[in-house]
Amino acid sequence: METRFTRGKSAILERSVTRPKTEVSLSAFALLFSEMVQYCQSRVYSVSELQARLADLGQGVGASLLDVLVLREKNGKRETKVLNILLFIKVSVWRALFGKEADKLDGFPAKVTVHWHKGTTLMIKFDEAVIARDKALEGR
């Protein structure tokens, strides 16, 4: 396999995983996002199909981002305790997505269960009061 070099830089696979965070311009991100949505829109016949395609794309991106963050922040060790997972999301994941740590972790009444579906999955089922509160906030 031939290794490609560009302008004196090493191949991407040879770069350190722990390199510092680099910024992507907002306009480049907006263009990519717009093209992804248009691509999906041109290949579906209903809104539910569009939502499903975008969700599939988002799940792949989110899983890849999570893998990179776990590798960089935790040296590949995944958390198994719910509180530690939530703290990891509050600090590391939130900072990677929004550029700052989340203000606080709200405690919502919920039932958390563990399932096996192509890997371990935590399912969080929120109380009906939480769902109603969220719908009321959407209407504002």
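## The hairpin

Val 114 has Leu 122 as its bridge partner in strand 2. Two strands count as paired if DSSP finds at least two bridges between them.

Strand 1 and strand 2 form a hairpin, with 3 residues between them. In the turn, Lys 118 has a positive phi of about 55 degrees.

## The model and its confidence

This is a predicted model, in which local features need a pLDDT of at least 70 and side-chain atom pairs count only at pLDDT 80 or more, while totals for chains, interfaces and linings use all residues. Residues are numbered from 1 along each chain as its sequence is written, and side-chain values use heavy atoms, with hydrogens and water left out.

The protein chain averages a pLDDT (the predictor's confidence in each residue, from 0 to 100) of 80, and 82% of the residues score at least 70. Where is confidence lowest and where is it highest? It is lowest in strand 2, at a mean of 77, and highest in helix 1 (residues 26-41), at 90.

## The overall plan

The protein chain has 4 helices and 2 strands. Helices (H or I, at least four residues) and strands (E, at least two) are DSSP runs, numbered from the N terminus.

Of the 140 residues in the protein chain, 10% are buried. Here buried means under 20% relative accessible area, exposed means over 50%, and partly exposed lies in between (1.4 Å probe, protein chains only). Among contacts in the protein chain with a separation of 6 or more, 13% are between residues 24 or more positions apart; contact means heavy atoms within 4.5 Å.

## Where helix 2 meets helix 3

Two packed helices are described by the angle between their axes and the distance between the axes. The axes of helix 2 (residues 47-74) and helix 3 come within 11 Å and cross at roughly 115 degrees. Leu 65, Leu 66, Leu 69, Val 70, Glu 73 and Lys 74 of helix 2 make the contact with Phe 88, Ser 92, Val 93, Ala 96 and Leu 97 of helix 3. Axes are lines fitted to C-alpha atoms, for helices over the stretch in contact, and angles run from 0 to 180 degrees between N-to-C directions.

Leaving aside neighbours within four places in sequence, Ser 92 is in contact with Leu 69 and Glu 73.

Asn 75 lies in the loop between helix 2 and helix 3. Most residues other than glycine have a negative phi. Asn 75 has a positive phi of about 55 degrees although it is not a glycine. At 67% relative accessibility, Asn 75 counts as exposed.

## Charged pairs

Side chains of opposite charge can pair when their charged atoms come close. How many salt bridges does a search of the whole structure find? There are 3, a salt bridge being a side-chain nitrogen of Lys or Arg within 4 Å of a carboxyl oxygen of Asp or Glu. One of them joins Glu 79 to Lys 74, with the closest N and O atoms 3.0 Å apart. Glu 79 is partly exposed at 21% relative accessible area, and Lys 74 is partly exposed at 30%.

Glu 101 and Lys 90 meet in a salt bridge through their side chains (2.8 Å, N to O). This pair links distant parts of the chain, 11 residues apart: Glu 101 is in the loop between helix 3 (82-98) and strand 1, and Lys 90 is in helix 3. Lys 90 is buried, with a relative accessible area of 14%, whereas Glu 101 is partly exposed at 35%. Glu 101 also forms a salt bridge with Arg 95, where the closest N and O atoms are 3.8 Å apart. Arg 95 is partly exposed, with a relative accessible area of 36%. Through shared partners, these salt bridges join Lys 90, Arg 95 and Glu 101 into one network.
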